[in-house]
Amino acid sequence: MQSRLFDLSSTWHLPATTAQVWAIIADIDMSWPQWWPHCTFAAPLTRRETTSSSTEDILKATTAYLRFKAILGYSLTISIHPTDVVALRKIDFDAGGDLQGSGRVTLIPEEQGQATRMDIEWRVRPTQRWMNLLTPVAGPAFTAAHALLMRQGESGLISALAKADRNSPVDPSTPL
């Protein structure tokens, strides 16, 4: 039985520059659980050796194992592995574990560069038998649970950006 392909997309509107957003989402320690509610590490990061110390190469050598707890009471463990990284613009991912497929995060400057739209796309298939059996009737509930989890991620990232902004040093040459 072929499992259903879920095309999931979200758009987050963030009150920060693309550089500020990038600094958090493209952290080489994949520290999303620090700011994303209901997201935890399921296992330590794995990282293969790289020939470069660039952030892009380090990200592409890293796999994070994340557990997301849905409001419906189930948890999904997903491996997230960046496959293509273009600084300040996009990250493509492979996903494995309870959901297999691919994803993309794209950053688009808004409001003369003072805000950022983050488009998130996932094309994934569930691998758990129970989820595949329930998808014909529960597919809309799974999609709604994903949407809520994404809204929580957006709120968490907005809070992390505000905290980072409060903690950034003041440039003395900038007029107040």
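**Salt bridges in this model**

Let's start with Asp7. Asp7 is exposed, at 51% relative accessibility. My cut-offs: buried is under 20% relative accessible area, exposed is over 50%, and partly exposed lies in between, using a 1.4 Å probe and protein chains only.

A word on the source. This is a predicted model, where local features need pLDDT of at least 70, side-chain atom pairs count only at pLDDT 80 or more, and totals for chains, interfaces and linings use all residues. Residues are numbered from 1 along each chain as its sequence is written, and side-chain values use heavy atoms, with hydrogens and water left out.

How many salt bridges does the structure hold? Seven. Each is a side-chain nitrogen of Lys or Arg within 4 Å of a carboxyl oxygen of Asp or Glu.

Back to Asp7. Its partner is Arg123, with the closest N and O atoms 2.6 Å apart. This pair links distant parts of the chain: Asp7 sits in strand 1 (residues 6–14), Arg123 in strand 7 (residues 115–126), 116 residues apart. Strands (E, at least two residues) and helices (H or I, at least four) are DSSP runs, numbered from the N terminus. Arg123 is partly exposed, at 44%.

Next, Asp84 and Lys90. Their side chains meet at 2.6 Å, N to O. Asp84 is partly exposed, at 29%. Lys90 is buried, at 16%.

Now helix 3, residues 129–167. Glu154 and Arg151 both lie there, three residues apart, about one turn of the helix. Their salt bridge spans 3.0 Å, N to O. Is Glu154 buried or exposed? Buried, at 12%. Arg151 is partly exposed, at 36%.

Last, a network. Salt bridges with shared partners join Asp84, Lys90, Asp92 and Arg104.
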